[in-house]
Amino acid sequence: MAIVLVFIQVLLLGNIHILGVASPLLYIYFVVQTPRNTPRWLILVSCFIQGLLIDIFFSTPGMAAASMTLVGFVQPRILELYLHNADDKNYCPGIQTMGTERFTAYVLFLTVIYCMAFFTLEAFSIQHWGLWFFSIIGSTFVTVFSIVILSIVFNSTGVLMSKR
């Protein structure tokens, strides 16, 4: 699934910049859908490789790899915040398992972390803090909206991307 998301990002979404600041970053969906029992080393390696592929296609030297690795590092801890104690070890996050509100909050949390890391590395200064701030807010909104809609579509059609 990670490779498919990278190609969708590269071929379809890579040149979309709403109002010059908001870009849909759909490849984050991979780490959002990572099941609870996935070994942490596998999450980190997978996120790094996916970020590295994005860096290669978009000439962003290490920014996506670093940001995805950071999100992969915090994802298991953030997922635990949105789980009930009774949830099983094979828990796969999604609208069907978490509900719309909890899933949206979970996606929002991960996306904000990714966007803050990515756009801070991209700017590498606060000289243009307005552009930095609106890039984070705009890209977070567009990405969360896209991921939630994608999850609703997959849930309503019976296709579950969280099964691996």
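Guide: The charged end of Arg77 sits over the ring of Phe73, 4.5 Å from the ring centre. A charge sits over a ring if NZ of Lys or CZ of Arg is within 6 Å of the ring centre and within 35 degrees of the ring normal. This is a predicted model: local features need pLDDT of at least 70, side-chain atom pairs count only at pLDDT 80 or more, and totals for chains, interfaces and linings use all residues. Residues are numbered from 1 along each chain as its sequence is written, and side-chain values use heavy atoms, with hydrogens and water left out.

Now helix 4, residues 63-81. Helices are DSSP runs (H or I, at least four residues), numbered from the N terminus. At 1.5 Å a residue, the 19 residues of helix 4 should span 27 Å, and its end C-alpha atoms are 27 Å apart, which agrees. The expected span is 1.5 Å times one less than the number of residues. Helix 4 bends by about 40° at Gln75, and a proline, Pro76, follows within four residues. The bend is the angle between axes fitted to the seven residues ending at a residue and the seven starting there.

Buried residues of helix 4 include Met68, Val71, Gln75 and Pro76. Buried means under 20% relative accessible area (1.4 Å probe, protein chains only). Their cover includes helix 2 (29-32), helix 3 (40-58), helix 5 (95-98) and helix 6 (100-123).

Next, the rings. The whole structure holds eight aromatic pairs. Rings of Phe, Tyr and Trp (its six-membered ring) pair if their centres lie within 6.5 Å; planes under 30 degrees apart count as stacked, over 60 as edge-to-face and the rest as tilted. Tyr82 and Tyr106 pair edge-to-face, at 6.1 Å centre to centre and 65° between the planes. Tyr82 lies in the loop between helix 4 and helix 5 and Tyr106 in helix 6, so the pair ties together parts 24 residues apart in sequence. Tyr82 counts as buried at 18% relative accessibility; Tyr106 does so at 0%.

Tyr114 and Phe118 have ring centres 5.8 Å apart and planes at 15°, so this pair is stacked. Ring pairs link Tyr27, Tyr114, Phe118 and Phe119 into a cluster. Beyond its neighbours within four places in sequence, Tyr27 is in contact (heavy atoms within 4.5 Å) with residues including Ala64, Met68 and Tyr114.

Note on methods: Helices (H or I, at least four residues) and strands (E, at least two) are DSSP runs, numbered from the N terminus. Buried means under 20% relative accessible area, exposed over 50%, partly exposed in between (1.4 Å probe, protein chains only).
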